Amino acid sequence: MYVLGIETSCDETSIAVTSDNKILANSVSSSVHLHRDFGGVIPEIASRYHVEYINHVLKKALTGSGIGLNKIDLIAVTTRPGLMGSLLVGAAMAEALSLAGNIPLMSIDHIHAHLYAGFMKNGASIKSKAGRGKPDLRFPFVGLVVSGGHTSLFTVNGVDDYKLLGRTFDDAAGEAFDKVAKLLNLGYPGGPEIEKRASGCKVNKKIFPGRSSSEDLNFSFSGLKTSVLYYVRNRLRDKHILSGDKNKPDQIARLTNNLGHKEINDIAASFQEAVTEILTEKAIAACQREGMRRLALGGGVSANTQLRKKLSARTVQNGIRLYLPQKRLCLDNAAMVAGLGAALYKKGRRCGL
Ligand code: KG4
Ligand code: ZN
């Protein structure tokens, strides 16, 4: 079946056309450049951008796929969770198209869609030796969603059957990357910037408490983020660049560049090491606890090369097959929304306007 997927939950305006799990077009336009100066997504700017660009993105997806609206069998749209104003733009577009073309609608959960990315054709690549010869992701599996808004572990038993194993109590992993990058003056979004700067740099495992209990499958990144703040503050004090009374993150961020390029890169590398170690440990622990031999990732942070390498090594050691979406499908996109829509429709789920 031909599905039109619509994704506008945050700062990416995306529309895709799929034929079941095969991606025919996946058009993405991002407002990320408009949020850079603020170091984070400004909801009002994001929703205005969606309004301005969604028609253009739709045209591009339809032209790129060669499938006209008259051939679309289902419209799948992200309706939760996300920025309310942004979600509304995608939902309004979906309802208008549904009404005009008498096309059924499917309401999609963004987190579940991230976990579906591994099913999209050419959307998953096997990294673990244990998976050779059986490349397709199938249920059940342990799913780790790591994005700017979410860090959660699930047992996924079916397309509509998710058991939450653990989640973050404070910052999401991507949010921690973004906030630490802001402190280090590395720009936004922080994940790719930290990854770039950390490449080939010295990791000091002692400075950040990246290790955590693998018995508890919940996450917490605020302590790690604070320890980066205190480390930077203390280094600035050691160098007599910061006086004792300035402790706020924005005051410290204004002075961070005084540490020099190399030291900032080493801090970025040590922070990245800590986050990726926590995510890897918990994901492996979840597989072991659930007796699961398949692990699938989704969300922006799963594009991180260090995380992909660590997970690849640890899953091989533990006889687990690892499913990593292609990097373009880790970030927000409508192809994963359309794919999940088709699967839910086939399972019998129906939604009204
Ligand atoms: O899934 P996504 O596009 O949007 C949400 O649903 O939140 O994820 C965006 C997040 C941002 O926090 C960004 O810094 C992070 O993913 N991210 C990365 C990388 N690429 C994007 N984090 C670490 N390493 C990366 N290469
Ligand atoms: Zn996302």
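Predicted model: local features only at pLDDT ≥ 70, side-chain atom pairs only at ≥ 80, totals over all residues.
Residues are numbered from 1 along each chain as its sequence is written, chains are lettered from A and ligands numbered from 1 in the order in which they are written, and side-chain values use heavy atoms, with hydrogens and water left out.

Q: Why is Cys330 called buried, and why is Cys10 called partly exposed?
A: Buried means under 20% relative accessible area, exposed means over 50%, and partly exposed lies in between (1.4 Å probe, protein chains only). Cys330 has 0% relative accessibility and so counts as buried, while Cys10, with a relative accessible area of 21%, is partly exposed.

Q: What makes Glu290 partly exposed?
A: Its relative accessible area is 24%, so Glu290 falls in the partly exposed class. Glu290 and Phe141 are 149 residues apart in sequence, and their C-alpha atoms are 9.2 Å apart in space.

Q: Which residues coordinate the zinc ion (ligand 2)?
A: Donors are N, O and S atoms within 2.8 Å of the metal (3.2 Å for Na, K and Ca), and sites may look incomplete because water is not among the atoms. The zinc ion (ligand 2) is coordinated at 2.0 to 2.1 Å by His110 (NE2), His114 (NE2) and Asp332 (OD), and along the chain these donors follow the spacing H-x3-H-x217-D. His110 and His114 both lie in helix H4 (residues 110-116), 4 residues apart, about one turn of the helix, and both are buried.

Q: Why is the arrangement around the zinc ion (ligand 2) called irregular?
A: Four donors count as tetrahedral if all angles lie between 85 and 135 degrees; four count as square planar and six as octahedral if opposite donors are over 155 degrees apart and all others between 65 and 115; anything else is irregular. The 4 donor atoms here subtend angles of 95 to 143 degrees, and the arrangement is therefore irregular.

Q: How do you know that E7 and E8 pair?
A: Two strands pair if DSSP finds at least two bridges between them, and strand E7 (residues 141-146) and E8 have 6 bridges, in the antiparallel sense. One bridge joins Val146 to Thr151 in E8, and the two strands form a hairpin with 4 residues between them.

Q: Why is strand E8 described as largely enclosed by the rest of the structure?
A: Strand E8 (residues 151-158) is largely enclosed because 7 of its 8 residues are buried. E8 also pairs with strand E9 (residues 161-167) in the antiparallel sense over 6 bridges, in a hairpin with 2 residues between the strands.
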